[in-house]
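Please read the points below with the sequence and the model side by side. They are meant for someone who is opening this entry for the first time.

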Amino acid sequence: MDVDILIIGGGIAGLWTLDQLRQRGYRAVLVENRELGYGQTITSQGIIHGGLKYSLRGVLTASANEIREMPIIWRDCLSGQREPNLSSATVRSHCCYLWQTDSLASQAGMWGASIQLRVKPETISVSHRPELLKQSPGNVYRLDEQVISPSSVLQCLKKRNQDALLLCDQKQGIEFSRSQQGTINSVNVRCQGDELHLVPGCVVMTAGIGNQQLNEAAGLRQPMQRRPLQMVLVRGELEMFQGHCVDGAKTRMTITSEVISTGEVVWQLGGQVAELGVSMSAEDLIQHAAKELKAILPELNVESLKFATYQVDRAEKKISLGLRPDSPQVLKYKNILTCWPTKLAFAPRAAEMIEEIITNQMHINPSVIPGENENLWKDWPVPNVAESPWETVENWYQISGETVSFVPARPAKQAA
Ligand SMILES: Cc1cc2nc3c(=O)[nH]c(=O)nc-3n(C[C@H](O)[C@H](O)[C@H](O)COP(=O)(O)OP(=O)(O)OC[C@H]3O[C@@H](n4cnc5c(N)ncnc54)[C@H](O)[C@@H]3O)c2cc1C
């Protein structure tokens, strides 16, 4: 079957690109070998960054400049004023807080932070601070960066594109047939004993860490880097809170939260804690995270909370000297595009870059009427959205004095 575009990998980059290309009238289909968002998107903190992290050193590089527009685009989509209409997705908060420890380095970092941003941090008075930051010794700022629930955005994009989503087997679910010049001529997609033969004009790989293996299967050697993280989850009597504790040019801790199906609030702890956590055992990291929480939020009673950790790798295009890319990366070889969006917030920009290459460099024209629902693969299995990390971690721990003792608590999804 001929398709204009075959997308492989249904995280935020693949789903946003699929939605956009279908809106333009391309016959596009997406193949996923596990669950939508499995890997980075479902485990991410959901912050629609506007460049603050990049500006902590005082300047925005030219490419980091692109991120300034992202909160505006997302806000329009989330309010239904722009496609994709994400108005059914959950916005956890319309802003994040930003606060400092009282070190001098921290003051200097904050000073640089306000430069060049479209979404600038605004100082808030003590009376307007959230309860948890009332006693904070340094300044507290409000930053109009939204925090979305990744799971709800994935659900929303799934619903919009249900008829163009194909599940494939995890092993040998996709097989490429290439010309001598390296172009992908056709792709066999296999699922539970059935096989589909697709002839795509262009193949877009948006498979996160899976891009490496897909590239190899297509005969490409494109440089990818993984950045491992060990994130911390906290649940219990917590309030909804989204914020960054900033120390100099570093984000000491980024906290995001969501109300889960049991009514409990779960916090995700990222930033430096998750980077340092990579070399620690879960117990050591939890002890460290609890100490950090006490230091940056003295009001919090950490002894009453339950902790867990999860490991995940960020996948990015390899940058020399171990640096991090600060914009979406799209590599083209023949009729194959490989994309790492670098951030969830960059999904609209990544989709725009892919569309631009397909239209202006590959000269592929849309072949169906915009909005036409063809439902070509009616009986083929559709991938589900991946479960959030608090639904899948099994071991929860509780802090008792200086030690971390294992609490055989029920998993978060069953807790009363
Ligand atoms: C802990 C953490 C926190 C983060 N927080 C933020 C944040 O707050 N804000 C922000 O902007 N960014 C954040 N990010 C970065 C952001 O999550 C990623 O840049 C983004 O989600 C990457 O999306 P993706 O679609 O490229 O990949 P992924 O989300 O990893 O999706 C890849 C998809 O491809 C599928 N796949 C893999 N291999 C194959 C194959 N062979 N065949 C078919 N399908 C395949 C996978 O199952 C998956 O569904 C965070 C990342 C992490 C890890």
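Does K334 count as buried, partly exposed or exposed, and what is its relative accessibility?

1. K334 counts as partly exposed, because its relative accessibility is 37%, where buried means under 20% relative accessible area, exposed means over 50%, and partly exposed lies in between, with a 1.4 Å probe and protein chains only. The residue sits in the loop between β17 (329–333) and β18 (336–340), and K334 has a positive phi of about 50° although it is not a glycine. Helices (H or I, at least four residues) and strands (E, at least two) are DSSP runs, numbered from the N terminus.

2. On the basis of the note, this is a predicted model, in which local features need pLDDT of at least 70 and side-chain atom pairs count only at pLDDT 80 or more, while totals for chains, interfaces and linings use all residues. Residues are numbered from 1 along each chain as its sequence is written, and side-chain values use heavy atoms, with hydrogens and water left out.

3. H363 also has a positive phi, near 55°, in a residue other than glycine. H363 is placed in the loop between α10 (347–361) and α11 (389–392), and it is exposed, with a relative accessible area of 57%.

4. A further backbone detail to check is the peptide bond from E83 to P84, which is cis, with omega near -5°. P84 belongs to the loop between α4 (70–78) and β3 (91–93).

5. The ligand is surrounded by 37 residues, of which the closest are E32, Q40, T41, I47 and A345; a residue is counted as near when one of its heavy atoms lies within 4 Å. By class, this shell holds 15 nonpolar, 17 polar and 5 charged residues, where Ala, Val, Leu, Ile, Met, Phe, Trp, Tyr, Cys and Pro count as nonpolar, Asp, Glu, Lys and Arg as charged, and the others, Gly among them, as polar.

6. A polar side-chain atom of E32 is 2.6 Å from a ligand oxygen, a backbone N or O atom of G37 is 3.3 Å from a ligand oxygen, and a polar backbone atom of K343 is 3.3 Å from a ligand oxygen. The protein covers 96% of the 1000 Å² of accessible area that the ligand has on its own, by the Shrake-Rupley method with a 1.4 Å probe; for residues, only the protein chains shown count as cover.

7. Why is the ligand said to lie between two domains? Domain 1 (2–41 + 153–223 + 319–361) and domain 2 (226–314 + 389–416) both give residues to the shell, so the ligand lies between them, with bounds from an automatic or database domain assignment.

8. Two buried side chains have polar contacts with backbone oxygens. S257, in strand β14 (residues 250–259), is buried at 1% relative accessibility, and a polar atom of its side chain lies 2.7 Å from the backbone oxygen of F241. Q329, in strand β17, is buried at 14%, and a polar atom of its side chain lies 3.0 Å from the backbone oxygen of S327.

Notes: Polar contact = N/O pair within 3.5 Å; in protein donor to acceptor, adjacent residues only side chain to side chain.
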